[in-house]
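Me: Hi! I have a structure open and would like to talk it through with you. Could you help me find my way around?

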Amino acid sequence: LDDLPWVSRQDLPFVQALGMSASIYSKRGCPFRCSFCGTGAVASLAGSAGFRERSPALVAEEIDMLVRDHRIEHLTIVDDLFLSTARPSKAWALEFADIMIRKRIRVPIMVDARVDSIDREIFTRLHEAGLRKVFVGIESASPDVLANVFNKSVSHNAVVSEKLRILEDIGIGVVPGMILFHAETTATELRANHELIRTVGYKNPHLFRRLLDAYPGTPIHKEYLDKGYISERLETKWHFKDPLAELMYRRLSQETSATGID
């Protein structure tokens, strides 16, 4: 990836005028295989080459250019997986943070992360390097749904609360990524998700409108086709197994739409 030219920034002024963040990537692909994720599905086709990293020094150099030449006020690192629990991934993050601090490159940064990747030492160092917000892939409060529906085994719920508390202690904002509704959502699962959201303290009501996107080519899309939740090969819209879950979704959608909060 280091041999590729940097992304053209000719449209960046228009992005900034909209109040949106400049973006940069440091990795491509993902070593995980969550059932709903198009990135993991595509990466699986490439085998060992399905996850690649740029050098931390080159990423920091490009960020320095954005700050110096384009006077960006905030930055999003758009990797589907910025950090994992693997030792090389942690080493990459610490090296990146050290370079940013040593070169005094100052800009607020946002990244995406898995819950199990949150480590106090690493995120404290990343905060010193400018990290101010993290989109955390929580997905569900149900261990059964995580393991058997989303193919994402992460312990809950005490672990999630503990990990998010680490970010709060450091001063890093959290945007929880959750999939509240999928084809086989149950009332019990929704109650567990609601309790977790309450514990996290996230206030945006539109979180309760989050539907799973069944992208063609993903494992869950194939499963939905096989089960009859989707009728066409390239269709993404599915129907609920339980009519009560669908009723809950419609009611929550109506109530959150009435708030006028985006």
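Reply: Happy to, and we can start with the whole chain and then go to single residues. Keep in mind that this is a predicted model.

Me: Good. How many helices and strands does the protein chain have?
Reply: The protein chain has 10 helices and seven strands.

Me: And what is its radius of gyration, next to what the globule rule gives?
Reply: The radius of gyration is 19 Å, close to the 18 Å that the globule rule gives for 262 residues, so the chain is as compact as a globular protein of that length. Along the principal axes, its C-alpha atoms fill a box of roughly 55 × 40 × 40 Å.

Me: What percentage of the residues is buried?
Reply: Buried residues account for 44% of the 262 in the chain. On contacts, if you take those between residues at least 6 apart in sequence, 71% join residues at least 24 apart.

Me: Let's zoom in. At what angle do helix 5 and helix 7 pack?
Reply: The angle is about 35°, and the axes are 10 Å apart. Helix 5 covers residues 120-128 and helix 7 covers residues 158-170.

Me: Which residues make that contact?
Reply: From helix 5 they are Arg120, Phe123, Thr124 and His127, and from helix 7 they are Ile166, Leu167, Asp169 and Ile170. Sorted by class, that gives four nonpolar, two polar and two charged residues.

Me: Is the crossing of helix 5 and helix 7 left-handed or right-handed?
Reply: Helix 5 passes helix 7 in a right-handed crossing.

Me: New topic: lysine 152. Where does it lie?
Reply: Lysine 152 is in the loop between helix 6, residues 143-148, and helix 7.

Me: Buried or exposed?
Reply: Lysine 152 counts as buried because its relative accessibility is 6%, and the cut-off for buried is under 20%.

Me: So what does its side chain pair up with?
Reply: The side chain of lysine 152 makes a polar contact of 2.8 Å with the side chain of glutamate 139. A polar atom of the lysine 152 side chain also lies 3.1 Å from the backbone oxygen of glycine 137.

Me: Which other residues does lysine 152 touch?
Reply: Setting aside neighbours within four places in sequence, its contacts include Cys34, Arg114, Leu146 and Ala147.

Me: What about asparagine 151, what is its phi?
Reply: Asparagine 151 has a positive phi of about 55°, although it is not a glycine. Most residues other than glycine have a negative phi. Asparagine 151 sits in the loop between helix 6 and helix 7, and at 47% relative accessibility it counts as partly exposed.

Me: And what is phi for arginine 71?
Reply: Phi of arginine 71 is near 50°, again a positive value in a residue other than glycine. Arginine 71 is in the loop between helix 3 (56-70) and strand 4 (75-77), and it counts as exposed at 69% relative accessibility.

Me: Last one, back to helices: where is valine 42?
Reply: Valine 42 is in helix 2, residues 38-45, and it is exposed, with a relative accessible area of 57%. Valine 42 and glycine 29 are 13 residues apart in sequence, with 7.7 Å between their C-alpha atoms.

How values were computed:
Residues numbered from 1 in each chain as written. Predicted model: local features only at pLDDT ≥ 70, side-chain atom pairs only at ≥ 80, totals over all residues. Heavy atoms only, no water. Axes fitted to C-alpha atoms, helices over the stretch in contact; angles between N-to-C directions. Helix = DSSP H or I, 4+ residues; strand = E, 2+ residues; numbered from the N terminus. Left-handed = near helix turned anticlockwise from the far one by under 90°. Contact = heavy atoms within 4.5 Å. Nonpolar A, V, L, I, M, F, W, Y, C, P; charged D, E, K, R; others polar. Buried < 20%, exposed > 50% of the residue type's maximum accessible area, 1.4 Å probe, protein only. Polar contact = N/O pair within 3.5 Å; in protein donor to acceptor, adjacent residues only side chain to side chain. Rg over C-alpha atoms; globule rule 2.2 N^0.38 Å.
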